[in-house]
Amino acid sequence: MAKSNNTLCLDKFYPEKDLMITDIDQQSDKIIIQMKSTSSSCKCPKCNRITQKYHGTYTRKVQDLPILGKNVQLEICSHEYACLNDECEVISIAETFDGFLNNYSRMTERCADFICTLALETSCEGCARVCHTLGIKTSGDTVIRLLLKRYESLPQPEVSDVIGVDDFAYKKRHTYGTIIVNEKTHEPITLLNGRNGDTLREWLKNNKNVKVVTRDRASAYAKVISEELPDAMQVADRFHLHQNLLETIKKALNQEIPATISIPHNDTFIDAEEHCKKNRI
Ligand SMILES: [Zn+2]
């Protein structure tokens, strides 16, 4: 007879190398998991040197992914280490357990990953409401802060020598911005405030490698590009090429077709009608 197993080993869901579960407290609305660090060394996030110099111990409280709809809080008895590199400015190092935590956040990285993914598919407020249902405590403002931190930690996108510039509305008829896109990868490079060309001018001053710019037909961008990058080729983007084409076709048709068109009189039809009336058919 096969041996039945009705227990779940939680250790497998946490970094076993340097973390050990010491107690689990199941409450009506949440699960508190107490853990302690078993590490004896740590890597400095600044200079990457491994250190074994113990600096202290503290309890760190972080939220993790929920278990079957129940909120999960980790209480981790974590170590701090001191960097031994005299040239390094870091004094104390908080453990991250190989990326399970980051140095400052109140939630695990996998919990933050889930929230960011959900927010990008829905909205910050919508994400917060779904999280609440699932057992993750967060708010719309926290979701925005998480997304901003993630965005700031991304490597700066490479500025291509072929870019596209266009305006977009933060709020239609009120606030506008300018987007710059890498035309080779079709990925956004940056967002600038306003669409009158001032912020674009500042950006172009720091990116003189640009050789080709696709843009709309607005004179504000054209003027700034001509002044800052006189050797760059300016190309009307596809949307505006279509618009130019349609306008030209409309103009040509207007010239060829008279303003008023008289419909020829249909004698046959009138005659037939009168014939019917006359003969009372
Ligand atoms: Zn260091």
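Author: Let us begin with Leu68, which counts as exposed because its relative accessibility is 88%. Please bear in mind that this is a predicted model.

Reader: Where does Leu68 lie?
Author: Leu68 lies in the loop between strand E5 (54-67) and strand E6.

Reader: And what is its phi?
Author: The phi of Leu68 is near 50°, a positive value in a residue other than glycine. Most residues other than glycine have a negative phi. Asn48 also has a positive phi, near 65°, and is found in the loop between E3 and E4.

Reader: Let us turn to the metal. Which protein donors does the zinc ion have?
Author: The donors are the SG atoms of Cys44, Cys47, Cys83 and Cys88, which lie 2.2 to 2.4 Å from the zinc ion. Along the chain they follow the spacing C-x2-C-x35-C-x4-C. Cys44, in the loop between strand E3 (42-43) and strand E4 (50-51), and Cys83, in the loop between strand E6 (70-82) and strand E7 (92-94), are 39 residues apart, and the pair links distant parts of the chain.

Reader: What is the geometry of the site?
Author: The site of the zinc ion is tetrahedral, with angles of 98 to 115° among its four donor atoms. For reference, the ideal angle for four tetrahedral donors is 109.5 degrees.

Reader: Is Cys44 buried or exposed? And Cys83, buried or exposed?
Author: Cys44 counts as buried because its relative accessibility is 0%. Cys83 has 13% relative accessibility and therefore also counts as buried, the cut-off being under 20%.

Reader: A change of topic: which residues touch the most other members in the largest nonpolar core?
Author: They are Ile163, Val165, Ile180, Leu200, Trp203 and Leu204, in a core of 15 residues. Strand E8 (162-171), strand E10 (187-193), helix H4 (198-205) and helix H5 (219-228) each give two or more residues to this core. Another core, of 14 residues, lies apart from it and has Leu19, Ile21, Ile31 and Leu74 among its members.

Reader: What does Val165 touch?
Author: Leaving out residues up to four places away in sequence, Val165 touches Thr178, Ile179, Ile180, Leu200, Val213, Thr214, Arg215, Asp216 and Tyr221.

Reader: Which residues of H4 are buried?
Author: Leu200, Arg201, Trp203 and Leu204 are the buried residues of H4. Seen down the helix axis, they fall within an arc of 165°, so they line one face of H4. Their cover includes E8, strand E9 (175-182), E10 and H5.

Reader: Which residues are buried in H5?
Author: In H5, the buried residues are Tyr221, Ala222, Val224, Ile225 and Glu228. What covers them includes E8, E9, H4, strand E11 (212-215) and strand E12 (233-236).

Reader: Where is Arg217?
Author: Arg217 is in the loop between E11 and H5. With a relative accessible area of 38%, Arg217 is partly exposed. Not counting residues up to four places away in sequence, Arg217 touches His240, Gln243, Asn244 and Glu247.

Conventions: Residues numbered from 1 in each chain as written. Predicted model: local features only at pLDDT ≥ 70, side-chain atom pairs only at ≥ 80, totals over all residues. Heavy atoms only, no water. Core = buried A, V, L, I, M, F, W, Y, C linked by side-chain atoms within 4.5 Å. Buried < 20%, exposed > 50% of the residue type's maximum accessible area, 1.4 Å probe, protein only. Helix = DSSP H or I, 4+ residues; strand = E, 2+ residues; numbered from the N terminus. Contact = heavy atoms within 4.5 Å. Arc of directions from axis to C-beta. Donors = N, O, S within 2.8 Å, 3.2 Å for Na, K, Ca; no water. Tetrahedral: all angles 85-135°; square planar, octahedral: opposite > 155°, others 65-115°.
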